Amino acid sequence: MQQTTDGPGTTQKTASSTAMPPEPGSGKGRSHGTSSSEPFDRWFRYPAGFASDYVALLLQQLGLKQGSLIVDPFAGTAVTGTSARRLGHSFIGIEAHPAIAELASIKLQKPPGEPNLLVETGRLLVEKVSAAPLVYAADNLPDLVRRCFTSEVLSTLISLRETICASGSPWSTYLKWGLLSTLRDVASVRVGWPYQNPNMQRKPRHSDPLLRFVRRLEWMAEDIRKWDWTTSGQSHAVVAGDSTLRSSWQSIAPASAAGCVSSPPYLNNFDYADATRLELYFWGEVKTWAEMCSTVRAGMVTATTQQSSVVAARSAEDFLAKHKKVADEIKALVANLRDQRLLRPRGKEYDRVVPEYFASMSQVLANLSSALGANSSAVWLVGDSAPYGVYIDTPGIIGRLAREHGFSLEQDVKLRKRGQRWSGNSARHNVELSERLIVLRRE
Ligand SMILES: C[S@@+](CC[C@H](N)C(=O)[O-])C[C@H]1O[C@@H](n2cnc3c(N)ncnc32)[C@H](O)[C@@H]1O
């Protein structure tokens with residue numbers, strides 16, 4: 001069945017192509033992020049992650065030959081990548097968040113040796129730290145890191161970090177992620193996703209950082225052991241880069257990809273750099289918010305008001321004016337959002353975010369269109385939004401933009417409601433929001 005939406009929430013059905021399956025009732029859906037128990041997903045819980053059982057179902061539905069190339073322009077923690085590998089396909093993903101791209105890469109690349117060596121190396125480092133914990137200078141640490149842990153736990157975590165960095169071990173990136181994923185387990189304040197709140201105390205989920213670190217390494221080793229790295233024959237990789245740029249797609253030959261399962265950042269949803277602030281600050285990858293903006297956030301799609309700029313929004317409006325199928329719709333949204341902003345004393349600039357966001361989506365769709373072979377499908381999961389109560393049909397607009405890049409919109413299906421988390425907030429709009437699945441076919 002081919003399904004297209006005739007406005008938010010209504011689904012029309014016409015002839016052809018198989019309908020995508022509904023999400024399994026595993027409770028591991030998008031509202032929960034990646035699973036804390038699935039192999040590879042449990043290495044680090046990413047709030048924006050896919051449920052791997054659903055990705056596997058979607059990939060199977062594409063009816064691909066074994067060894068096909070799957071691409072994901074918003075690869076995140078590579079759930080599409082590990083699912084594609086499990087089904088015998090090759091995979092190339094692109095991810096703008098450098099730390100998340102690093103995590104995705106170690107899940108996909110051949111490990112440097114027998115996985116038990118990872119656990120053995122971790123245990124040796126733990127013994128070292130237990131015998132002689134380092135004295136650290138708390139003053140040099142960002143405030144957020146200092147406030148998330150008791151001083152004893154923080155001292156152990158920092159000793160472990162320094163010992164990993166000095167080890168020169170071929171497993172050091174795995175050890176790093178073992179430690180980074182331990183942080184939220186042993187924090188004594190609220191560090192839920194997406195915001196870390198050091199003002200709210202809580203009982204740590206695990207009291208001993210060293211034991212928890214080793215446990216996490218054991219999981220990684222178990223997962224690595226499950227996969228036959230020598231005979232898989234396909235290639236799997238994540239490029240750290242911005243998928244709006246052609247240069248990030250260089251390793252994908254034109255028309256070589258057979259499918260895409262992806263999920264772009266949602267408009268007016270959360271900021272991935274901010275959501276991972278604790279890990280980035282702890283590892284010293286960024287030291288200040290300014291550094292975060294100039295490095296981690298630089299290649300990301302503008303999806304929040306904190307990321308937008310006047311100049312970028314203007315050039316995005318010019319760019320979109322060339323896209324006739326959506327130009328009027330975007331202009332009307334911008335005007336409406338500008339009016340809403342001016343009604344408020346310190347109104348947020350959603351009117352700048354909207355053109356920037358869709359200009360980026362258009363660039364990604366153009367790159368994806370070149371990468372996909374004729375007749376192949378791209379499945380995107382994406383939510384709509386309603387800043388200041390102004391409804392933005394993000395999945396629908398992406399579908400209409402895609403037509404300008406050689407795609408037809410084959411299905412647009414509502415998966416579930418979203419935004420319930422804030423339903424008790426009386427200051428919030430009451431527009432019903434949902435998460436949708438769109439299927440684009442490369443013509
Ligand atoms: C909804 S999440 C996708 C998560 C992924 N499906 C997973 O299972 O982990 C969107 C991802 O897009 C990334 N992103 C944002 N802008 C990007 C860009 N211009 N190029 C590549 N990735 C980008 C974000 O950092 C985030 O990880």
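Modeller: A residue counts as buried when its relative accessible area is under 20%, and as exposed when it is over 50%. Keep those cut-offs at hand. This model is predicted.

Colleague: Let me start with helix 12. Which residues of helix 12 are buried?

Modeller: A313, A316 and L320 are the buried residues of helix 12. They cover an arc of only 60 degrees around the axis, so they sit on the same side of helix 12.

Colleague: Which exposed residues does the face turned away from that buried side carry?

Modeller: V311, R314 and D318 are the exposed residues on that face of helix 12.

Colleague: What covers the buried residues of helix 12?

Modeller: The cover includes helix 13, helix 14 and helix 15.

Colleague: How do I check the length of a helix?

Modeller: Take 1.5 Å times one less than the number of residues. Helix 12 has twelve residues, for which 16 Å is expected. From first C-alpha to last, helix 12 reaches 17 Å, which is close. Now try helix 13, with its 19 residues. These should span 27 Å, and the end C-alpha atoms lie 28 Å apart, so the two values agree.

Colleague: Which residues of helix 13 are buried?

Modeller: V326, A327, I330, L333, V334, L337, Q340 and R341. Their arc is only 160 degrees around the axis, so they too share one side of helix 13. K324, D328 and L342 are exposed on the other side.

Colleague: What do the buried residues of helix 13 pack against?

Modeller: Helix 12 (310–321), helix 14 (350–371) and helix 15. Look at the last of these. Helix 13 (residues 324–342) and helix 15 (residues 394–403) have axes that come within 8 Å. Those axes cross at roughly 145 degrees.

Colleague: Which residues of helix 13 and helix 15 meet?

Modeller: From helix 13 come K325, V326, E329, I330 and L333. From helix 15 come I397, R400, L401 and R403. By class, this contact has five nonpolar residues, four charged ones and no polar ones. V326, I330 and L333 are also among the buried residues of helix 13.

Colleague: On to the rings. How should I read an aromatic pair?

Modeller: A pair of aromatic rings is described by the distance of the centres and the angle of the planes. A search of the whole structure finds nine aromatic pairs. One of them joins Y350 and Y388, 5.0 Å centre to centre with 80 degrees between the planes. Planes over 60 degrees apart count as edge-to-face, and this pair is edge-to-face.

Colleague: Where do Y350 and Y388 lie?

Modeller: Y350 is in helix 14, while Y388 is in the loop between strand 9 (372–383) and helix 15. The pair therefore ties together parts that are 38 residues apart in sequence. Y350 has a relative accessible area of 11%, so Y350 is buried. Y388 has 22%, so Y388 is partly exposed. Another edge-to-face pair is Y357 with F358, at 5.1 Å and 90 degrees. Y357 and F358 are both buried.

Colleague: Which residues form one aromatic cluster?

Modeller: F40, W43, W171 and Y174.

Colleague: One last case, a loop residue. Is S68 buried or exposed?

Modeller: S68 has 11% relative accessibility, so S68 counts as buried. The loop that holds S68 runs between helix 1 (52–61) and strand 3 (69–72). Leaving out residues up to four places away in sequence, S68 touches H89, S90 and A258.

How values were computed: Residues numbered from 1 in each chain as written. Predicted model: local features only at pLDDT ≥ 70, side-chain atom pairs only at ≥ 80, totals over all residues. Heavy atoms only, no water. Axes fitted to C-alpha atoms, helices over the stretch in contact; angles between N-to-C directions. Helix = DSSP H or I, 4+ residues; strand = E, 2+ residues; numbered from the N terminus. Contact = heavy atoms within 4.5 Å. Nonpolar A, V, L, I, M, F, W, Y, C, P; charged D, E, K, R; others polar. Buried < 20%, exposed > 50% of the residue type's maximum accessible area, 1.4 Å probe, protein only. Arc of directions from axis to C-beta. Phe/Tyr/Trp six-rings, centres within 6.5 Å; stacked < 30°, edge-to-face > 60°.
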